[in-house]
Amino acid sequence: MRLIDELSLDALEGSRPADSLTVWAWRGDSLVLAEPLEVINWGFEDQSGDNVKVGQKISLTVADPDGTLGAWRLDDPLAVTGARLQVIYRVGGAGAVNYGLYRVTSNEPDEVTESRVIDEYGYEEPDGLLEPHKRRVLITRSVVKLEAVDLTVEPDRDRFEAPESPGMGATVISEVRRLLNPYFPVVVDPGVGDVGVSRQLVFDRERLEAVQDLLGRVSARYRMGGDGECHLYPRAAEPVWRVGPSEGLVRVQRKQSFDGLYNRWVVEGKEEGSGNPVRAAVSIDSGPLKYGGPHGRVPTFYSSEMITTTAAAVLYAIELRDKFLASLALELSVECVPRPELQAGDRIEVGCPFAGRIAWIPGEITSIKRSGTTVPGPTSLTVVCAYGDVIAALERTDWAQHLTGNLPPLTWDRMPSTWGAGPVMSWDDLP
């Protein structure tokens, strides 16, 4: 979550003058233009995940009245050889939120040139077709389309020229700092642990893949902050915001698909020495995904010569099944009022209508899309909610219905299977 002052946070909760965007152009430590860019329209996309390298991307269309911002040379002000954009979101009637620093990756001018005849006393075009005191001039109207990405693109492009390994006494955090400090400061957020790393670890070519691998050992990820700093943040954290029908929510949608919903894992290998085939299968035996139940029979296969015994095949099939069950999730598409402080990777709670009440479901923002002209439009979020959290939220809502007398009393076989957060209730609480 980006830093935001209390005044701006309060302003986001109510009506206010229009928000705006301020964008300064830099090259190195120097401003290349005396005034901020005149932004005509803009769009932001922010993503998080274990395989996401460059998380934040922006697109801008800026006015170019004198035709100097569309790059010709590689050292022009907004050329792709080092121009950076400092983006600031100004909350109407309050303060500002630093979005971050972005490296320009594309510069595409869109120019329209018109020929006009103007009056100019005393001018006469030699051998021309125009009458005296008339001059023909060319007028160019131009805008420039800019694409830019966050500064993690710098270490992503700077790959290792030769394999590297950690030094003596290195830890996950010290190695991440060593790999990233040449490009930007590294900030460790609360909740991120640290462990030692072996000197036998080898970083082969990709710098950011090495960082992701290291952070995976402490269940953390990285993302760029509003002042050009890189934050290491925990994957599991407390929700930073709540959005519901009366709390900034415009629309929430969901979709189910049966693609990838397996219920049997078949693992194959070869017996060491004899080469005889080794095979084991593990299924889901109960619930809506039961193998052979209404969902049907949906096997998936894994084969490896590292599997040399039936026991090893069984253990790996169980591991694959359990990882699948732990990864089950529901994806929510959320449209809400503009919230410039939110980032991909933040955890929030989404209030979803259910059985006449609101089910508050926690989840992680994996994607954010923002756009606007002179004023911002709604913020679009993709929120991934663990299936267990969804079921717990629905059961808490169903339980509340019983306590208020809107549904018949619960029986033993209808008690919630997962309590989740909140006070534990007893049978004395039943109506």
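This is a predicted model: local features need pLDDT of at least 70, side-chain atom pairs count only at pLDDT 80 or more; totals for chains, interfaces and linings use all residues.
Local features here need pLDDT of at least 70 and side-chain atom pairs count only at pLDDT 80 or more, while totals for chains, interfaces and linings use all residues. Residues are numbered from 1 along each chain as its sequence is written, and side-chain values use heavy atoms, with hydrogens and water left out.

**Asn263**

- Asn263 sits in the loop between strand S12 (249-254) and strand S13 (264-270); helices (H or I, at least four residues) and strands (E, at least two) are DSSP runs, numbered from the N terminus.
- With a relative accessible area of 0%, Asn263 is buried (buried means under 20% relative accessible area, exposed over 50%, partly exposed in between, with a 1.4 Å probe and protein chains only).
- The backbone oxygen of Gly296 also lies 2.8 Å from a polar atom of the Asn263 side chain.
- Leaving aside residues up to four places away in sequence, Asn263 touches residues including Val282, Tyr291, His295 and Pro299 (contact means heavy atoms within 4.5 Å).

**Arg339**

- Arg339 lies in the loop between S16 and S17, and is buried with a relative accessible area of 2%.
- The side chains of Arg339 and Glu13 are joined by a polar contact of 3.2 Å (a pair of N or O atoms within 3.5 Å; within protein, one must be able to donate a hydrogen and the other to accept it, and residues adjacent in sequence count only if both atoms are side-chain atoms).
- Not counting residues up to four places away in sequence, Arg339 touches Leu9, Leu12, Glu13, Trp241, Arg370 and Thr379.
- Gly248 is 91 residues from Arg339 in sequence, yet their C-alpha atoms are 9.2 Å apart in space.

**Strand S18 and its partners**

- S18 is largely enclosed by the rest of the structure, because 12 of its 16 residues are buried.
- Strand S3 (residues 39-47) pairs with S18 in the antiparallel sense over 6 bridges (two strands pair if DSSP finds at least two bridges between them), and Arg370 is the bridge partner of Phe44.
- S17 and S18 are antiparallel too, with 8 bridges, and Arg347 stands opposite Glu364.
- The hairpin of S17 and S18 has 2 residues between the strands, and Ala355 in the turn has a positive phi of about 55°.
- Strand S19 (residues 379-386) pairs with S18 in the antiparallel sense over 5 bridges, with Leu381 as the bridge partner of Ile368.

**Strand S10**

- All of strand S10 (residues 230-234) is buried, 5 of the 5 residues, so it is largely enclosed by the rest of the structure.
- Cys230, Leu232 and Pro234 cover one side of S10, and His231 and Tyr233 the other.
- S8 (residues 186-188) runs parallel to S10 with 3 bridges, whereas S9 (residues 220-224) pairs with S10 in the antiparallel sense over 5 bridges.
- S9 and S10 form a hairpin with 5 residues between them, where Gly228 in the turn has a positive phi of about 85°.

**The largest pocket**

- The largest pocket has a volume of about 830 Å³. 
- A pocket is, on a 1 Å grid over the protein atoms alone, an open set of points where a 1.4 Å probe fits, with protein on both sides within 12 Å along at least five of seven lines; its volume is the space filled by probe spheres set on the points.
- Among the 29 residues lining the largest pocket (an atom within 4 Å of a point), the closest to its centre are Gln256, Leu261, Ala329, Leu330 and Tyr387.
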